[in-house]
Amino acid sequence: MGGSCSLEVGTHLVSVHCPICSWAGRDWYAVESRPNSFAKKICPQCGGYPRDRITFILLRRLQRGQGPKRLVIGEIGGSVHSYSWKKKRYRYWNADIVEGAGWTVDVLVRGCRIQKSPPCADIAILSYVLSQVETKSVRIGLMKELHRLTTREGKMIFFDDLELTRKRHQVYPKGAFFHALQLGHPILNELKSAGWKSVIINALELKSIQSEMEMPFILAAKSEALLFELVRTTRIAPQS
Ligand SMILES: [Zn+2]
């Protein structure tokens, strides 16, 4: 169900709703998204961000199209507060680059290789990792690694600090608040080099989860046909 409808619950006007934990309220809580810049986007109950809510809805739709077999989800990046619902609902593993919060994850990435051999994923998620990686070959290597660790029908959801109208990646000053890079249009060629077909998602009819906060993001798959199937199953209309 999409749309931006509001509903009355008791005396409180409810205009946002968390699909993950069912919290509902007038607005999300503010979180610092740049130094001294706050955005109302965090769920006060489960700590979820817009990308978590988008991912929750996309995975639920993909699982429904799958029958009783639980999807295998493999993620590089991802937020700690999203582990519990991902592990509860799916066969889920998480990896992170060593410079990240490596000690909290299931497997580590060294160079571009994921240690051990986690089960091949139906859906890969790459979340806010590549903007920490300033070397192009390493970015492509990480995307290739997810390509290797997904099934033949493998698909990917990719969130990051994306400004795809830019002709180049923008390098932030050393010690930048969150990211080293803002990824521009060349990231699409990097995805291609790693074997992924991709589509940019600029808008979603999911206003009550305030999804526009994490736009654009990218859906990717191993072939055009699989990408078409991904878009159809998630019921997302990509905008060109
Ligand atoms: Zn929540």
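Trainee: What should I know before we start?
Mentor: Residues are numbered from 1 along each chain as its sequence is written. The model is predicted, and local features need pLDDT of at least 70, side-chain atom pairs count only at pLDDT 80 or more, while totals for chains, interfaces and linings use all residues.

Trainee: How do you know where confidence is lowest and highest in the protein chain?
Mentor: We look at pLDDT, the predictor's confidence in each residue, from 0 to 100. Strand S1 (residues 7-9) has the lowest mean, 53, and helix H4 (residues 186-193) the highest, 98. The protein chain averages 88, and 91% of the residues score at least 70.

Trainee: What makes a stretch a helix or a strand?
Mentor: They're DSSP runs numbered from the N terminus: helices are H or I with at least four residues, strands are E with at least two. H3 has 13 residues, so it passes the helix cut-off.

Trainee: How do you know what span to expect for H3?
Mentor: The expected span is 1.5 Å times one less than the number of residues. For H3 that gives 18 Å, and H3 reaches 18 Å from its first C-alpha to its last.

Trainee: Is Ser-22 buried or exposed, and why?
Mentor: Count the other C-beta atoms, placed from the backbone, within 10 Å of its own: 20 or more is buried, 12 or fewer is exposed, and in between is partly exposed. Ser-22 has 10, so it is exposed. Ser-22 sits in the loop between strand S3 (16-17) and strand S4 (24-25), and its phi is near 70°, a positive value in a residue other than glycine.

Trainee: What makes a nonpolar core?
Mentor: It's a set of buried Ala, Val, Leu, Ile, Met, Phe, Trp, Tyr and Cys residues joined through C-beta atoms within 7 Å. The largest one here has 56 residues, and Ile-123 is among those touching the most other members. Two residues are in contact if their C-beta atoms, placed from the backbone, lie within 7 Å. Leaving aside neighbours within four places in sequence, the contacts of Ile-123 include Leu-59, Leu-62 and Ile-157.

Trainee: How do you know that S7 and strand S8 pair?
Mentor: DSSP must find at least two bridges between two strands. S7 and S8 (residues 91-97) have 5 bridges and run parallel, so they pair.

Trainee: Which strands form the open sheet, and in what order?
Mentor: There are 8 strands in mixed pairing, ordered S10-S9-S8-S7-S11-S12-S16-S15. S10 and S15 are the edge strands, because each pairs on one side only.

Trainee: What makes strand S5 hardly covered?
Mentor: Of the 6 residues in S5 (residues 29-34), the count of buried ones is 0. S5 pairs with strand S6 (residues 37-42) in the antiparallel sense over 5 bridges. Together S5 and S6 form a hairpin with 2 residues between them.

Trainee: Where is the cis peptide bond?
Mentor: The cis bond joins Met-215 and Pro-216, with omega about -5°.
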